[in-house]
Amino acid sequence: ASLDAEVSGSRGTSVAATAASTAAIPTTGLTAGMYVVYAVDAAGNVSASSADVVVTNPDITPPTLSGVGTSVLTPNTLAATSNENGTLYLVLKSATITNKASLDAEVSGSRGTSVAATAASVAAIPTTGLTAGTYVVYAVDAAGNVSTASADVTLTNPDITAPTLSGVGTSVLTPNTLAATSNENGTLYLVLKSATITNKASLDAEVSGSR
């Protein structure tokens, strides 16, 4: 009766036993804890208890995100934090994400990146190789639970295309001005041809040196 009471009270489960045959005792609905097994025969005789049986419940709670940056310029990293150990993913917002496998597919297809996450520690998610666009971050814990998506992250690629010049005059008498046009917003410099120019700083040096 005491065993039946445990089962009826959802504090245990039972299954029919056939002599000398392995039975599969269900665990559905049980809370995590230390359990033991008893055998009861047709006459109601109860065996001694088995050795301890540890019952655990699966982790079905998704991790949560915090501290996710809202914009990043490649190839800089993006800061993000998960409350659990696992993995952080940066993927396009337009991606269809249903589980960890779908996140891994985005990364393997070069449409996202990932980095290992340590609980409550800021992680640096890489952005190298990603195209500009709107991305989101997901956290995945060790059990494979996927968090909700973060707020939008705007990812931009650096401008590495040099501007072009047009309409540059070929001579000028000081203090008259020299006409020139750039195809982009920025700055126009007039410096000695003999100057060694490697970057903007070297142009600024020529100007500050009155050359």
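**Close-up 1. Salt bridge K200–D204 in helix α3 of the predicted model.** K200 and D204 form a salt bridge, with the closest N and O atoms 3.0 Å apart. Both residues lie in helix α3. They sit 4 residues apart, about one turn of the helix. K200 counts as exposed, at 51% relative accessibility. D204 is partly exposed, at 31%.

**Close-up 2. Salt bridge D104–K100 in helix α2.** The two side chains meet at 3.0 Å, N to O. D104 and K100 are 4 residues apart within α2, about one turn of the helix. D104 is partly exposed at 31% relative accessibility. K100 is also partly exposed, with a relative accessible area of 31%.

**Close-up 3. Salt bridge K93–D152 between distant parts of the chain.** The side chains meet at 3.1 Å, N to O. K93 lies in the loop between β6 (86-92) and α2 (100-108). D152 lies in the loop between β9 (133-141) and β10 (153-156). The pair is 59 residues apart. K93 is partly exposed at 47%, and D152 is partly exposed at 35%. The structure holds 4 salt bridges.

**Close-up 4. Open sheet β3-β5-β8.** Its 3 strands pair in the antiparallel sense. β3 (65-66) and β8 (122-125) are the edge strands, each pairing on one side only. β5 (residues 78-82) pairs with β8 over 4 bridges. A80 stands opposite A123 in β8.

**Close-up 5. Nonpolar surface patch.** L165, V168, V172, L178, L188 and L190 form the patch. Together they have about 540 Å² of accessible area. L188 sits in the loop between β12 (181-182) and α3 (200-208). L188 counts as partly exposed, at 47% relative accessibility.

Notes
Residues numbered from 1 in each chain as written. Predicted model: local features only at pLDDT ≥ 70, side-chain atom pairs only at ≥ 80, totals over all residues. Heavy atoms only, no water. Pairing = 2+ DSSP bridges. Helix = DSSP H or I, 4+ residues; strand = E, 2+ residues; numbered from the N terminus. Patch = residues over 30% accessible without salt bridge, like charges linked within 9 Å, V, L, I, M, F, W, Y side chains within 5 Å. Areas by Shrake-Rupley, 256 points an atom, 1.4 Å probe, with all protein chains shown as cover. Buried < 20%, exposed > 50% of the residue type's maximum accessible area, 1.4 Å probe, protein only.
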